[in-house]
Amino acid sequence: MIHLLPLVAAVAVAGASFVVGRSADPRISRARAVGALLAVAVALAVATILVAAAGVAHRPLPAFGLQWELACPDWHAAAPFVYLLVGVLAVALAPAASHPPRTLGDVLRLIAVSTAFVAFESALPLVALWALSVVLLARGLGRVDSGLRRAFLRYQLPGLAFAAVGAGLIAAGRAAEGAVCWLVAIFSREAIAPFHGWLPLVAGRAPLGLLAAFVGPQLGVHAHLALVADAVPHAAAHAFAWAGGVTAVLGAAIGLAQSEARAAIAWIVVSQTGLVAFGLENSSDVGRTGAVLTWQVSAIAVTGFLMTAAALEARRGALSLREPGGSFARTPRMATSFLFLGFASVGLPLTLGFVAEDLLVQGSVDEFPALVFCLLLATALNGINVLRCFFTLFSGKRDHIGEQDLGVRERLALTLAMALLLLGGVFPRAFVPPPARNAGGAPAHDGQPHGGAGAGHGQQGSQR
């Protein structure tokens, strides 16, 4: 099944990326990028409401020998809007010095690829879009450091090869083997241990807006749910869950030992991707819903957290955590945004992230009791890391080197993200997605073990 509205939105963002990339002034380029993303998001929202009111949102539309429908159903209905907001945050807070117009154009193209990704549920288009996103980030990294690009590709190209092999196996009717290949690809894409090394390396030297546009959407989550959720063999599913849990604790623990803000935040990102990976292998609807919500919350919160650090770095230079070096009174809006989005990223109370991780714990406690302890430990360590970064970067000095607080465009983008996360924490029912559905339309796993009755659906990932 192909979903038309997110595909049209992706084409619109891709078209805007070429206009943005050709601007002479980085500030004009950034304004155009933010305006284009917001315009596409509003148009997509209006179109989604209209087709839902007309009752045609999920009516099949056969054309060109393919099955189409207008809007995304169920668990990934919110994904295009989440990705567009990720794009807004990535460009609105992108420092002009490190994000020239060409880089901003690449950010928009990565968001376009991610938005198009959720329009498909079959393996071959997903592999093609996956490869395109890797090429886009590799090209952007090459402008910074060719060695950094080679290091990134050493991790990503084998994962891409496994995804392609997995797509071929699924097409040949060998769903279980294809699902295992896709899991290996997702390990590499989502920086799950032991394939996590590329993310801290890239985060240390790359333009953070470019990294946020690649990492924030977590395309491996959609690929997992759309293609292989019910075809993964039981042993492989539990191994994947354990790898996710270990990655969550490992990332949180290593993050506490970092002396640079970029590295500390990068390890928080690694930890959060591990939590999402752990949740994907839940057999319960509650746990799977928690994983989907954690995926969407992390996309917004982690991107905002990362880009607030980028905005501070642009004003102050390299951010060290060796000793306190900031002044809260001089940059109160930036400090508040940094702390709130950091808390939302790691699932602390009063945010939608807390709701997501609470669902993850409730749905996992019976199936993975030991790993639930890993989840709680990772959350606690990440919370300590966020507070450590906050107090070091925004306290300790009376004097001030003259950095400005958030500008209007930065403030509006962060306010939009924080309002969604705060409202979600206060009124969670309005934000919790329906349970992920398998190919037959029933809730994913439906209480059955991996590789059981639902496994046959994995051979037909392109059908709803």
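Of the 464 residues of the protein, 59% count as buried in this predicted model. The fold contains 17 helices and 2 strands. Among contacts with a separation of 6 or more, 81% join residues 24 or more positions apart.

Confidence was examined next. The mean pLDDT of the protein is 84. A value of 70 or more is reached by 90% of the residues. Helix α4, residues 101-117, has the highest confidence, at a mean of 94. Strand β2, residues 68-69, has the lowest, at 75. Residues 438-464 form a stretch with pLDDT below 50. Beyond near neighbours in sequence, this stretch still has 66 contacts in the model. Where pLDDT is low, the predicted coordinates should not be read in detail.

Helix α15 spans residues 352-364, and helix α16 spans residues 369-394. Their axes come within 9 Å and cross at roughly 160°. An angle over 145 degrees counts as roughly antiparallel, and α15 and α16 are therefore roughly antiparallel to each other. The crossing of α15 past α16 is left-handed.

The contact between the two helices involves residues from both. From α15 come Glu357, Leu360, Val361 and Ser364. They meet Pro369, Val372, Leu375, Leu376 and Thr379 of α16. By type, the residues of this contact comprise 6 nonpolar, 2 polar and 1 charged.

Note on methods
Residues are numbered from 1 along each chain as its sequence is written. This is a predicted model: local features need pLDDT of at least 70, side-chain atom pairs count only at pLDDT 80 or more; totals for chains, interfaces and linings use all residues. Side-chain values use heavy atoms; hydrogens and water are left out. Axes are lines fitted to C-alpha atoms, for helices over the stretch in contact, and angles run from 0 to 180 degrees between N-to-C directions. Helices (H or I, at least four residues) and strands (E, at least two) are DSSP runs, numbered from the N terminus. Angles under 35 degrees count as roughly parallel, over 145 as roughly antiparallel, 65 to 115 as roughly perpendicular and the rest as oblique. A crossing is left-handed if the near helix is turned anticlockwise from the far one by less than a right angle, and right-handed if clockwise. Contact means heavy atoms within 4.5 Å. Ala, Val, Leu, Ile, Met, Phe, Trp, Tyr, Cys and Pro count as nonpolar, Asp, Glu, Lys and Arg as charged, and the others, Gly among them, as polar. pLDDT is the predictor's confidence in each residue, from 0 to 100. Buried means under 20% relative accessible area, exposed over 50%, partly exposed in between (1.4 Å probe, protein chains only).
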